[in-house]
Amino acid sequence: MTTATYKGTNKLIVGIVFGVITFWLFAQSMVNIVPDVQSDLGISSDLLSIAISLTALFSGIFIVVAGGMADKFGRMKLTYLGLILSIIGSLLLVITQGATLLIIGRIIQGLSAACIMPATLALMKTYFEGADRQRALSYWSIGSWGGSGICSFAGGAIATYMGWRWIFIFSIAFSLLAMLLIKGTPESKVVQTTKAKFDSFGLILFVVAMVCLNLIITRGATFGWASATTITMIVIFILSTGLFFRVELRQANSFIDFSLFKNKSYTGATLSNFLLNAAAGTLVVANTYVQVGRGFTAFQSGLLSIGYLVCVLGMIRVGEKILQRIGARKPMIMGSSITAIGIALMALTFIPGILYTILVFIGFALFGVGLGMYATPSTDTAVSNAPEDKVGVASGIYKMASSLGGSFGVAISATIYGVIAASGNVDLAALVGLLTNVAFCIVSLIAVIVTTPRAKKVLSAELNQ
């Protein structure tokens, strides 16, 4: 069957969701098992913070490259490559006895996500149309956004009753299932009319800048904020960032295609997506705090977030229906606002006993409602406003925003929590760490209001255009 005649099936959707969920359900389950991993491997909290954030960091760094490769060499090839890397990365985490294999495995998992995310989004746009595409993107969002809710519950349950390494054994199984389900799907790629030299210099500058920034955030306190090491990394970050923008804006085959941001809708979806994903630090701070500060097990902290899981999964399809009726702007605004309110409730760490536990449960539920409502309108806005010949790259940039937002959000939140908790006041550490995530949501809300155009009732037929 040729690409021109092939229509996407439910089997393809399920396979893609399994592929996407290998990142969120398994790679990101680390946010809920920090005490268990630290105790088992005997590594420092700052090294563990690096390991947690590295997957999203490397996903974010290389996802645009992988999106371009998917357009050029084939979206199915890149999806298979990503699933193979997921298996390798998970296997390293299963056998690790220290920080080295843990960090290498996390980096490989990030490269896996970099391949899977833009390639599968491009497949959704290629093989589904209109309302079918919106339905397919809703399920893709269940794997992506919904996976973050599943990971908090499932990761805690698996770690408590089977051991944290079993999380990654399940990841291998899901990767194999995904490969089986998507088998037989025709290859999809863009016909290349010209040969453009890859912007390796831009990629190197971007990698240097992002790695330096991540190390500044996660290791600055250990190195000393005024130490020669930290100051050197700050200088390298500033110089490489400045040179990156100077070079990229002056060449045609830039690492990041800035022409995509001429579309205001695409810009709004990508920017707010980055900021709202930064609130992923909520999962690290809240789960760590209730375990360390309130004496919960990993499974019990996972149970606290069961409302998040249910609400984010349920609201993703609701967000799809709202999108079809009134457009993307209002559900994106409501989603950002509700997410902020949910995190704010969890930040009330001065409230004692069972009342705080209730507030955390409600807060997680609102967190899920907000993210679920935001997910499909934002993703559909980004994909629908991407040119057909650049959908892989555009999807890569959009998902780069997700990954980098999550990486830096987790790193910033975990660092703030760790620095304040080191003084012995875990209640204050959690309060400040969670309010930081509230701030991310508020800035995301402002970004949506400023950049996302107003829209009257949108008909499904108009969304095909």
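Begin by selecting Lys-189, which sits in the loop joining α7 (166-182) to α8 (200-223). The model on display is predicted. Show the surroundings of Lys-189: leaving aside neighbours within four places in sequence, the residues in contact with Lys-189 are Ala-70, Asp-71, Lys-72, Phe-73, Gly-74 and Arg-75. For a sense of scale, draw a distance from the C-alpha atom of Lys-189 to that of Ile-358; the two residues are 169 apart along the chain, and the separation is 50 Å.

Select Thr-79, located in helix α4 (residues 75-95). A polar atom of the Thr-79 side chain lies 2.8 Å from the backbone oxygen of Arg-75. Is Thr-79 buried or exposed? Its relative accessible area is 4%, under the 20% limit, and Thr-79 is therefore buried. Beyond neighbours within four places in sequence, Thr-79 is in contact with Ile-116, Ala-119, Thr-120, Leu-123 and Ile-182.

Now move to helix α13, residues 306-326. With 21 residues at 1.5 Å a residue, this helix should span 30 Å, and the 29 Å between its end C-alpha atoms agrees with that expectation.

Finish at Gly-327, which follows α13 and has a positive phi, near 90°.

Key. Residues are numbered from 1 along each chain as its sequence is written. This is a predicted model: local features need pLDDT of at least 70, side-chain atom pairs count only at pLDDT 80 or more; totals for chains, interfaces and linings use all residues. Side-chain values use heavy atoms; hydrogens and water are left out. Helices (H or I, at least four residues) and strands (E, at least two) are DSSP runs, numbered from the N terminus. Buried means under 20% relative accessible area, exposed over 50%, partly exposed in between (1.4 Å probe, protein chains only). A polar contact is a pair of N or O atoms within 3.5 Å; within protein, one must be able to donate a hydrogen and the other to accept it, and residues adjacent in sequence count only if both atoms are side-chain atoms. Contact means heavy atoms within 4.5 Å. The expected span of a helix is 1.5 Å times one less than its number of residues.
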